[in-house]
Structures are given as structure tokens and as C-alpha cells.
Amino acid sequence: MKPAPFAYHAARTVKEAVSLLGEFQDGGRVLAGGQSLVPLMNFRLARPSHLVDINPVEELDYIRRADGVLAIGARTRQAAAERSPLVRDQAPLLAEALGWVGHEPIRHRGTVVGSIAHADPAAEIPAVALALDGEVTALSTRGERTIAAADFFRGPFATALEPRELVTELRLKIWPPGTGYAFLEFARRHGDFAIAGAGVLLHLGPGGVDQAAVVLCGVGDTPVRARRAEERLLGHPPTPEALDEAAEAAVADLTPPGDVHGSPQYRRKVARAYVRRALTLALERARRGGRP
Amino acid sequence: MTAPLSPSPPRRWVGKSIPRIEDPKFLLGRGGYIDDLAVPGMLHAAVVRSPHAHARITRVDVEAARRLPGVVAVVTGAEAATLCNPLPDFGPAPDKHVWRCLAVDKVRYVGEGVAAVVAESRYLAEDGCDLVSVEYEVLPPVVDPIAASQPGAPLVHDALGSNVAYERTFVFGDVERDFAEADLVVRDRLRWHRSGGQPLETVGALAQYDPGTGMLTIYCNSLTFTHFLFMVANTLKIPSNKLDIRPTPAGGSFGSKFWAVKVAVLAGMLARLTGRPVKFIEDRVDNISNCDHHGSDRIYDVELAVMKDGTLRSLKIDVVDDYGAYIQFGTGTHGNSLAQVVGPYRIRSVRYGVHAVLTNKCQQGAHRGFGSEVTNWVVERMVDLAARALAMDPVEIRRRNFIRPDQFPYVIPTGNMYDSGNYDGVLTKALELADYAHWRREQERLRREGRYIGIGVISCQERSVFSATEFWFWFDQPAAKVTSAPESVTLCVDAAGNVTATLYSNAFWGNSPDTVVAQLVAEEFGVDPASVTVVYSGSNRGLPATGPGGSRFTVMIAGAISGAAARIKEKAARIAAHLLEVSVADLEWADGGFRVKGAPTRAKSLAEIALWAHLFKHSLPDDIETGLVADKVYDHPYTTMPSDDRKNLGVFYPFVGNACHIPVVEVDIDTGAVTFLKYVAVHDAGTMVNPRSLEGQIIGGTAHGIGTALLEEYVYDAGGQLLTTSYMDYVIPSSMEVPDVIVGHQETPSPFTVHGIKGGGEGGRMMTPAAVSAAIDDALAPFGVRCNEIPATPERVKARIDAARKEHR
Amino acid sequence: MRDIHRISVTVNGRRYDREVESRKLLVDFLREDLGLVGTHVGCEHGVCGTCTVLLNGESIRSCLTFAVQADGAAIMTVEGLARDGQLHPLQEAFREKQALQCGYCTPGMLLRAYEILQDNPSPRPEDVRKGIASNLCRCTGYQFIIEAILDAASRLRAAGAVPGSARREEVLP
């Protein structure tokens, strides 16, 4: 299973990468971690005529905090983000979700932003991006634009990006201290694609839940933000009944895909159970002041 | 009953867990696997595979592919059919279900090869494949075996006239009387889906043709049945003594490298065509979709006749087996079933109906257990069903029905024999190791906490060392009543006294043949196993050998080594007698040489004897030839012929071990996921040569069996599309899916084999599906769930839980 | 027209200057261009881990990396474990514990184990079990592999191993 021929271009700077992509348009693809793209190329399901390798673009390897937002550059490895004290402290949902992404050798190469751009509906990081009201910067020779995560994912492996655009940065909103979080996933094997994954953020105030985010992966054409579940939680005390109803609401409108690993009905059942479990764990952590 | 063949204990080397002789090269990355080999001028092949399950090939256009720089040749199925005869086929009607290395008139499954491209690199060969343009007239596929067996179903092979390649019902004993007299009959329909070996290394071959000598040499990681290789030569249209197939170590097989001839034939054909060496290595998609080694794919209707005291009387089994598009081994996998169809129990009669149906899928071949693991599962499912119906403890019902130690050798209703055993001993040991009583208490406690823990207890057979009769006793007038399935060895003691053992089949599948042979040779000659050299011969150097499969290798090579060693010792004794000026009767073998009885200082070591034997012909009696080397072709030591009416199939798989597996599982009732809290496996495979090695295979086999029980399935959709084409969808267990296995051993020697060894390599996998199913049912007993389908994927388990809950409302 | 690039790679401490086609996978480059056949091909889609090597000290799937991307990098393969004919303690432990049967997953498993012990010289059994989930083995059921890795860990601790330090020195020029 060898890839079809392509022309390889190593970019050393963002400017170079963007310029090359502009040159190749539909025939060019970004090579970042390669952990999703190269298997497709080895199967010859993807046959880009040009690969623009951004691995040498050191200037995109960063994790920064600014103005209540965590900014992650496009070259930042999943393993680095998982280990980063900044991520663990400011976006623990991401750190926890990263532990579910494949295996460590994959995370040594795979990038956080690459997972967003690849937009596998079963992937964890896109779901986390939704939960944290993420947005990306897309840069091309035509200029720069910001795309909200909520508008970014269009379908399985389909995004709002144009072929010449390079995502340079992902920004995630930082939640207040004491936020409870949980990311849990069910798969056939440890490290496999999610049959259903659930990410939850809960912040408690005097009246109960004053901020909530519930996201799912593996259960739609894109990652899902379960707004109805969030509505059920907001402004109410987090009783077991409330959590049950929120879990039910999270899956009520789902149209999950079916494949050899799970039918649509099965995915829905698993999703409900996992949202419920994630809510439980997030609540426990919220009650502990946000500590793991 | 014959007297034991082996020297009595204490043994010096047999039974020792020495580190493996073969390991250093593998640890250093110098394993010498097929893809490690390269020769000057070598080309690489790739195969164009069919995207359709069933279609007529109307046009194959290879011009663009041929013109691609770097492509040396492109061969269509039609061209291959002029270069090669059909592949060797042991099915019921090989001239009607004709099997070729590339499809000619139509494709019969997704993945079937349609053309082959040879190029300077594998990359270029695949580029060539992209340029091969095939036009198909799509035909309706048959995917469901029941539908396929109905009249009017589309035919996989038009010439066969039916998709039912074989069907027959066998009756052993008085089934009707036993059922009439029974107090209770339990029934079930059971479904076992196809899975396969999926070793990490695929099948590969490197072929070289020398036009100067006419010799075709093929290196291959499959080389079984060397005495059948004349058939491969016939396929390749060369004289049988112009073919030399040389074995390379295999990176695992689990059955899938058993007689894997197609890859070798493709490489050989392409080497002759191009006049250059050609390497063809299956990629993973080839090995999943086009491997010719999918496992059993069965639908069972079973009835078990039982007395109210728990005595198991009789079994009626009717099984539809979906063989896929070809049937290369006939219904041999059912022979494996019939070898041990009553399990370890005194069941008195069996009716066995088999329907072998062809469909548009990759064909079956061998998968660790070769069909007997399925019957193990079926029998244990029925015993548990009977236990439930009688409200009897699953341990108790088994104990009540075990064949007793004083009843061996025991002939089962089919005519096969179990040579020896102590099934209660194995079960008792397993219960102890599992701390069974403790876990029953834990189960109760955890149930009150809302957790679903289950304990499975099963006892199943692990037959070893097949006879060739199981491939033809299906027919009243078989085409060829083959009765040879030998293993051979040549032992040579050189002039320096060092021993070399030559093997004649691809014996290395991960099963430690070098170590086992070294230990057995060491036992014979009193040398250090580390001093023994083991070499693997190509097929044209003569001795016939079957190779691993059916857990036969250790037993058979032990017999061969014993026989060759005896010949060497006989000659050595004559030489020693001559040198010591005594008669042979005055000598005894001791401490690695011959010594005069009563005068132990008058001795000659094997090394001394060898030196004389190699160099000093004229100093020895006239009739002694120079050298100290002996061959032994060891045939199956205990086979009897089937009766003409086939009411008795004879003895064909007599060295039968037994095992008890006790898993403790937890089932997550929200997802149907099964996790392991404990796993105990006690095996009795007779005398162990290298206990650590056997343990490794038991643990590995159990992990493999967990894959079968919970994870693995080749899934075809209703249109015959293969949905599991990669390791993302065909999921084999990682370290996180399998538990630590606590292994216990019992050794009940065989009375018929050298050292009393029985085969044990397949055993782990042969037990696990039965054990895990039992544990799942036990965990979900409050719901009354019955695990009647393998694999018990989380979705299937969850569906059964929900269905049972709905019923209870 | 094939897209050829000049690369310079250090493998097991030795530098190689070669020309490669851009699409050539790192695993094929190591095996075919450099003759280092210890790294094996299992699935070519990043699932089995048989092709594991260390790239700049970190384990990667060499079937998912192009050789051209390894320009300037330091790679360690199984051939780099033994030194002057002496087996690495991991290799010795694998042999003693019979942690291999067919040996095909072994090179990748050894390198992953090497990395696990670099990161954590005193792992618990469950840490090892989880760490090697990245590498499939069809023969052993993993148990003896875990035993071997734990055994090697104690040997390395006894010899004064320090986390992280050895790796960089060994693989960088």
C-alpha cells in the first residue's frame, strides 16, 4: 500500500507555506502530523499532487495564553499539548481528550490543529473545540480570516476551509477557575476511533449550573454541541434527575452514522450513557474546585 | 495398546524452560523474513483486485499500465491461465469450482485478483495497477448462505450447478433411541462469524527462474506438505523436480500460512515470464480480502438430549458453513469438529449434518483450531443450556459427564479416539487457581451494588496431529484416499561430534521449532541444546514433511528425531563395539556415549565415534558406510481407516488434550462491553517439551481467542462488499483488551507418542470463545441473556440485554 | 518525472546521505535504501506499530512518515540497540522471559519499550501494559513482554539509568 506520486515542498515559514498553497490550489494539501493523511495516501484514497510540509515551520509551534484564550499554533504536537502545564491548567478538557487520541507514538507527530482541519466526526479535538467556543485563523494569499468552530465543521472530513487556506492557529476559550470537566469515550479498543465520546464542562454558581458545555463525537456527520442538554442544566441544581434528563436531551436529536463498529441506534445508547457518566465526573470535579 | 515409546523420566532436557535457541537473530532484527530477502535484478509485483463481489470480466485493458516506465509486465487472468494450470484444490469437485491464481471469466468476491503488475519497485507496480482498466458486468451476488442454497440463487460457479458444494448427514450410534429416551431436549440456533489469523506478517514469496538449469526457486513463508508440492509444479507447468520451494521464518501464521500456494504461484509465474527474480508480498488489504484463509462461518441448529440427573446422552447437529467462493480443503474443518464433537463427555451418539455452501466471499482456509474451536463453543453452549434448564451447577454437570481416567483410550461415537486424559483433574486445578468460591461470593456482593460479574467454566478438548483421512472420508468414492501426513528430519553428527538437524517444511511460525528440536536432540544424545544447529531445507532436497498445523509439529518431529536418533545410535553402537572389542549387547548408552556395562571407564563418546565414522572406513567392519547421519520419515503413528458405510470414521486425530478456562468478566450493561477481572487457563497437552514456550502459546492463544470472542469479524454487507478491509475495522486485541492469564498445567502423557507429547499450540484459542460466552451469560443471568453469536460484540450483547429487559416488562 | 530529494539522515549514530523519491515511506527507506531490515512492515496505515522507530528520540510509525521528512533527523532502529555485540538489557530480558514467538513485532516493541523506560524507569505493570497498547502482537498475548520490560527496568535501574539522558546522546550525532 504505497502512496501515489506527489511533489513535496518543505515550508520553513508561514509565508512560504501560504504561498505554496496558493500556487497549487486544489492540488495541494498541507502535511502536518500525517497520522490521518498518510494512511489515506497509502490506501490511495487521497492523491494530492503537492504536499506542503509545515513540520519545519517552527514559528507555529506554540501554546500561549492571552485575554482569556488559549492559542495553539498549527505545528503544536498533540503530545506536547497533552503534557503542557498551560493546557492542563487552562483547558483541562483538552488535555483529557488528548489522552484518547490514538496512542502516544501517534501523538508525537499528530498536531492539535491538524485534527481540527481533518474534521473526522469521530475525533476528539474538534468536539473540544466546539465545547470551548473555539475559533481558527485561516490564512491564504488572499488574506486572513477567523472561522468559529461552530461554523467550521461542515460534514465528514469537510470544513469551511478553501484548498489554498492554511489554519495557523486554534484559540480556545478559558473557563473560570473551579470548572468541572470530563472527556470520556467508548471505542472497540483502547485508542481506536470513538463509537461515541462525550465532553462536558460545568461551572457551578449559587443557583446551580451557571455555565455548561456538552459535546459529542462519533455520533454525527460532525462533532455535536448538545445545546438542549446545556439548556436543561443551566440555572438548575445539578441533581441526578437533571443530569439524566440532560443526557437524554443530548441524544434526542442525534442522527448517528452506522458502520461495522456500531449501528445508529447503538451509538445513541452509548452516547447517552457516556454523556451521563461525563456529567457525573465533571460535577464531581466541579465540586472539588475543578481539580482532577 | 502399545507400550510407551519414550525413555522414562527423569528427562534432562525435555521439560526444561530453556531460553529459545532462535531468539538472538529476531532480537537483533536479522530474522530473515521473506521481505528481508533481496536479490540483484529483483522486480516487485502487485495485484489488481476486484471491487465487485460477483461480476463477469468483460474487458481488461493493460496497455496504459504496460507503457508506464518501470513496469516490466502486466498479466491478466486470461494470460495467467495459459501460463498456469488451476491451483491445487482438495475440494469436492475441483474441475467445477476451478480455482486459479487470477480470475479469468468472472470475479467471485471483493478482493479477488484480476491482474498482476510487475515493476522495478512496489511503488511503481501499484502505479501500474492504477492504470489497469477492467470492465465488469456486475452480477447479483449471493451473500447469505441460506439464500445461496435455495434453487434459483445466482451461482458462484456455473459449472457446479449449485452453491451447495457438499452436504451429507452422518449418524454415529443410535441417535433416535437416545433422543426418544431422553428426559429433556434443549435446542438452540448458534451463529459463528468468520474471523482469521491476521498475523502481522502477510504471505510473501520471492521467485527466481534459472533458464540455464530450468530450476524455479521460490522462497516463501509458507511451505507445508512438501510431498504435495508436485501439485504446485503442475500448476506452474514445470517438472516436479525443477521446483525448489525454500522456507523463510514466518512472522506468525495461526493457520493462514498453511499451504498458502497462490502467492508462491504468482511469484513463480511472474519470474518465469519476466526472466527476472520477482518478489510478491501481500499488503494488508490483500491479506484481509484475498488471503484464502478465512475461518469457519457457521450457522448451527443443535439439539442436546439430556437425562434429568444431568447425564448428556446425544447430540443432533445441523450446520451450514459458508465457505466463500472456493473450497480448497473441502470440509476438512468439519473433520476437526468430528474429532472431538462430544467434548470431554460420555455422550453416546451424534448426528452431524453438514452443508457446505459457496458464496461471493473470500474462501475459507485454516484458522487456529481449524473448525474444532467452533464445535467446542457449540457443545459448551448446549451443556450450559442444559445446566440452566435443569437448574444444575455448570461445574457439577460437567463432572458428572466426564470420561473417566480409567476409560482411556476412549473411542468416541464418530470412531476417533481420545488417547488419554484426566478431565476432572484439569477442572479441579482450574477452580483452585481461580479461587472459584471467592468469586462466586464476589459476584453476589457486586450484584447488590448493581454490577454484573460473571464466571465462565468450560472444559474442552484440544485434538492434535491430524491424519490425512479427514480430508476424504466425506466421500464414499474419494478421488484419492491419501493416508500420508509425515514429518521428517535428518540428523547428522559431524566429525567433530556436533549435531545438525535438518527440517523439511516451513516449521517456524513462532512455535519455537529450533528450540523444541534442539531440546529433543539434546535429550537423545546428551548434548547441550545450544550446541545443536537446526537448518531448514528447501523442498527439493527430498524428505516429505507436512509442517505445522493441527498442533502437530512437536509430536511429529519428536517421533522423527527419535527414529533418526535410534538409527544413529544403532550404527554408533556397532562402531563403539568394534573399537572397544566387545559385542553390541555388552554396551549401554550413557552420558553422551556408549560404555561397557559394568566397566564404565571403557567408553567411547559420540564425538569419538563420529570421528571414526567419518574418516576411518577401513578400520571399521566392511558393511559400515562412512558418516554418522540418519533420516527418519515419521508417519502418523495411529491412524485407522473409516468404515465403508462411514458410520465409523476410524481414528484420525487421537492425541487429544484438554483444558479448562475460567474467566471472570464484568459486563457494562449500558454498552455491552466486556472486561476481564481474572482469567485462569489450565491445559493438559501431555508431556511438555518447553513449558515456558507452551505457556506463551497458551497465553497468546487465549488473547487470540478473546479477539475471536469479542472483537474480530470479516464483515460483508448484503451486496457482498467487504466492510472490514483494514486493521481499523478488523480489530485484533491490543495489550489493553486482554488480561493477565494465570496458566496451570497438567501432564497426562499420550501412550502413543514419543515422550507422551501432545500438541498444544492451538489450545488457547480453542477454549476462549466458549469460556467467554459462558462468563457473559453468567454475568447477565439476572436478565436471562444467552450468548449465541460470536463475536459477542458490545452491540450484540447490548441488544440482548435490552431485548431481555423489554420481555420482562 | 519523479520528485527526488537529497536527504541526510543519521541512523543509529551513523550518517547517510541519499537521494529519495518524495513518496518513499521512511520504513521502506530504512529497509531498502539502507538495508536495515530490522524494522518491519505490518499494516501500512498506522495501526499495528510494527514499523516503530525513534525519530529524534520519540517513537513514531515509520509507515506514516516520508523519508524526505527525516532529513536532518536522528533515527534509532532495532539495529541500534545492541552495542559491540552486546544485547541491550531489554533484548536480554526479552530472551529470558520468552517475550517473543514469531519475532515480527519485536523490533518495534523493543523500541517502544526503550522509550517507555526512558520516560519512566520505574513503571508499574499497568503503566507498561498501557504503554505498549500502541504496538500489536498476535503471538504472545503481551504478558511475557510486560514481564520482560519490567525485568529490564530493574536491570537498568541497577545499572544507574537516568530518565531521558541516554536517549538524546545515543541518537544525535
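**Figure 1. Contact between chain B and chain C in the predicted model.** Chain B contributes 56 residues to this contact, and chain C contributes 48 residues. The two chains bury about 4,300 Å² between them, with 57% of it on carbon and sulfur atoms. Within chain B, the residues that lose the most area to chain C are Leu27(B), Tyr123(B) and Leu200(B), which together account for 20% of what that side buries.

**Figure 2. Polar and charged pairs between chain B and chain C.** There are 6 salt bridges between these chains. One of them joins Glu712(B) to Arg138(C), with the closest N and O atoms 2.7 Å apart. Helices H1 (23-27), H4 (122-131) and H18 (691-711) of chain B each supply at least two residues of the side that touches chain C. H18(B) gives the most, with 9 residues. By class, this side of chain B comprises 27 nonpolar, 17 polar and 12 charged residues.

**Figure 3. Contact between chain A and chain C.** Here 30 residues of chain A meet 30 residues of chain C. The buried area is about 2,400 Å², and carbon and sulfur atoms give 57% of this area. Tyr8(A), Pro105(A) and Arg109(A) supply 23% of the area that chain A buries against chain C, more than any other three residues.

**Figure 4. Polar and charged pairs between chain A and chain C.** The interface holds 4 salt bridges, including one between Lys2(A) and Asp28(C), whose closest N and O atoms are 2.8 Å apart. Polar contacts link 10 residue pairs. Among the elements of chain A that touch chain C, H6(A) gives the most, with 5 residues.

Note on methods. Residues numbered from 1 in each chain as written. Chains lettered and ligands numbered in written order. Predicted model: local features only at pLDDT ≥ 70, side-chain atom pairs only at ≥ 80, totals over all residues. Heavy atoms only, no water. Contact = heavy atoms within 4.5 Å. Buried area = accessible area lost by both parts, 1.4 Å probe. Salt bridge = Lys/Arg side-chain N within 4 Å of Asp/Glu carboxyl O. Polar contact = N/O pair within 3.5 Å; in protein donor to acceptor, adjacent residues only side chain to side chain. Helix = DSSP H or I, 4+ residues; strand = E, 2+ residues; numbered from the N terminus. Nonpolar A, V, L, I, M, F, W, Y, C, P; charged D, E, K, R; others polar.
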